[in-house]
Amino acid sequence: MSAYMIVEVEVNDPVKYEDYKKLTPGSLLPFGGKFIVRGGKTELIEGSDEPKRIVILEFENSEKAKDWWNSPEYSDAKKLRQATATTRMILVEGV
């Protein structure tokens with residue numbers, strides 16, 4: 001079953017965050033991950049909190065998504081993201 005990593009990012013250091021954006025795509029390749037949404041324009045339709053930067057990643061299954069998140073390939077990028085942004089990541093299985 002496909003799995004999706006839904007990410008909401010509040011970028012605190014836009015200059016250094018650009019480095020994170022460059023590192024991440026290559027880290028996804030060994031795990032079959034791909035971007036479905038990557039920071040496009042957002043519009044609040046319902047609710048009260050204006051969304052920040054939204055990213056959605058697709059993986060073959062939740063195991064691949066977790067393997068990527070815990071991987072050495074993503075480690076440096078993850079540390080950079082954690083240092084430059086506040087993030088919520090939610091893993092959800094699709095249909």
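**Close-ups of a predicted model**

**View 1. What lines the largest cavity.** By class, the lining splits into 10 nonpolar, one polar and four charged residues. Here Ala, Val, Leu, Ile, Met, Phe, Trp, Tyr, Cys and Pro count as nonpolar, Asp, Glu, Lys and Arg as charged, and the others, Gly among them, as polar. A cavity is a set of points, on a 1 Å grid over the protein atoms alone, where a 1.4 Å probe fits but cannot get out, and lining residues have an atom within 4 Å of a point. About 100 Å³ of space lies in this largest cavity, with volume taken as the space filled by probe spheres set on the points, which are joined across faces, edges and corners. Of its 15 lining residues, Tyr17, Tyr20, Thr24, Phe35 and Val55 sit closest to the centre. Strands E1 (3–11), E2 (34–38) and E3 (53–59) and helices H1 (14–28) and H3 (72–84) each give two or more residues to the lining. H1 has the largest share, with four.

This is a predicted model, so to speak plainly about cut-offs: local features need pLDDT of at least 70, side-chain atom pairs count only at pLDDT 80 or more, and totals for chains, interfaces and linings use all residues. Residues are numbered from 1 along each chain as its sequence is written, and side-chain values use heavy atoms, with hydrogens and water left out.

**View 2. The largest nonpolar core.** Met5, Leu57, Phe59 and Trp68 touch the most other members of this 15-residue core. A nonpolar core is a set of buried Ala, Val, Leu, Ile, Met, Phe, Trp, Tyr and Cys residues joined through side-chain atoms within 4.5 Å; buried means under 20% relative accessible area, exposed over 50%, partly exposed in between (1.4 Å probe, protein chains only). E1, H1, E3, helix H2 (62–69) and H3 each supply at least two residues.

**View 3. Around Trp68.** Setting aside neighbours within four places in sequence, Trp68 is in contact (heavy atoms within 4.5 Å) with Met5, Thr24, Ser27, Leu28, Phe31, Leu57, Phe59, Tyr74 and Met89.

**View 4. Pro25 in helix H1.** Proline 25 is found in H1, helices being DSSP runs (H or I, at least four residues) and strands likewise (E, at least two), numbered from the N terminus. Its relative accessibility is 31%, so proline 25 counts as partly exposed. Residues up to four places away aside, Pro25 touches Phe35 and Arg38.

Terms used
On a 1 Å grid over the protein atoms alone, a cavity is a set of points where a 1.4 Å probe fits but cannot get out, and a pocket is an open set with protein on both sides within 12 Å along at least five of seven lines; lining residues have an atom within 4 Å of a point.
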